[in-house]
Amino acid sequence: MTRTETLRVQRYLREKFGNEDFVVKERRPSDGTAEVMLGDEFIGVVYRDEDEGEVSFAFHMTILDMDLPPTS
């Protein structure tokens, strides 16, 4: 992902979730992905996909069972 793309995705996440703590970081060397941080916590990866000239971005977030709150 380019720097421009990471900034655009970061802005989208901040606006969509109403949270300025989202940070999207480029990976070096660039492999078409970027890390997504919420504050200082790594929460997922954004993948860039290009198919027939159309570009899309997929956000993947893994949630560990031990991180979930207990059931009530």
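Helices (H or I, at least four residues) and strands (E, at least two) are DSSP runs, numbered from the N terminus. In those terms, the span of residues 1-72 is 21% helix and 40% strand, and its end C-alpha atoms lie 42 Å apart. UniProt lists these residues, 1-72, for "domain: FERM" in an unreviewed entry; UniProt positions are given in the numbering used here, feature names are shortened, and annotations may be inferred rather than shown by experiment.

The model is predicted: local features need pLDDT of at least 70 and side-chain atom pairs count only at pLDDT 80 or more, while totals for chains, interfaces and linings use all residues. Residues are numbered from 1 along each chain as its sequence is written, and side-chain values use heavy atoms, with hydrogens and water left out.

## The aromatic pair

A pair of aromatic rings is described by the distance of the centres and the angle of the planes. Rings of Phe, Tyr and Trp (its six-membered ring) pair if their centres lie within 6.5 Å; planes under 30 degrees apart count as stacked, over 60 as edge-to-face and the rest as tilted. The structure holds one aromatic pair. Its members are Phe17 and Phe22, tilted at 35 degrees between the planes, with 5.6 Å from centre to centre.

Phe17 counts as exposed because its relative accessibility is 53%, whereas Phe22, at 6%, counts as buried.

## Salt bridges

Side chains of opposite charge can pair when their charged atoms come close. A salt bridge is a side-chain nitrogen of Lys or Arg within 4 Å of a carboxyl oxygen of Asp or Glu, and the structure holds eight of these salt bridges. One of them joins the side chains of Glu26 and Arg3, at 3.7 Å from N to O. This pair links distant parts of the chain, 23 residues apart: Glu26 belongs to strand E1 (residues 22-26) and Arg3 to helix H1 (residues 3-17). Glu26 is partly exposed at 21% relative accessible area, and Arg3 is partly exposed at 45%. Helix H1 also contains Thr4, which is exposed, with a relative accessible area of 53%. Thr4 and Glu26 are 22 residues apart in sequence and 10.0 Å apart in space, C-alpha to C-alpha.

Arg27 forms a salt bridge with Asp31, the closest N and O atoms being 4.0 Å apart. The side chain of Arg27 also meets that of Glu35 in a salt bridge of 3.8 Å, N to O. Salt bridges that share partners join Arg3, Glu26 and Arg28 into one network. Asp31 is partly exposed at 49% relative accessibility, Arg27 is partly exposed at 25%, and Glu35 is partly exposed at 27%.

## The largest pocket

On a 1 Å grid over the protein atoms alone, a pocket is an open set of points where a 1.4 Å probe fits, with protein on both sides within 12 Å along at least five of seven lines; lining residues have an atom within 4 Å of a point. Grid points are joined across faces, edges and corners, and a volume is the space filled by probe spheres set on the points. The largest pocket has a volume of about 210 Å³.

Its lining includes Glu41, Phe42, His60 and Asp67. Strand E3 (residues 41-51) gives the most to this lining, with five residues.

Notes:
Buried < 20%, exposed > 50% of the residue type's maximum accessible area, 1.4 Å probe, protein only.
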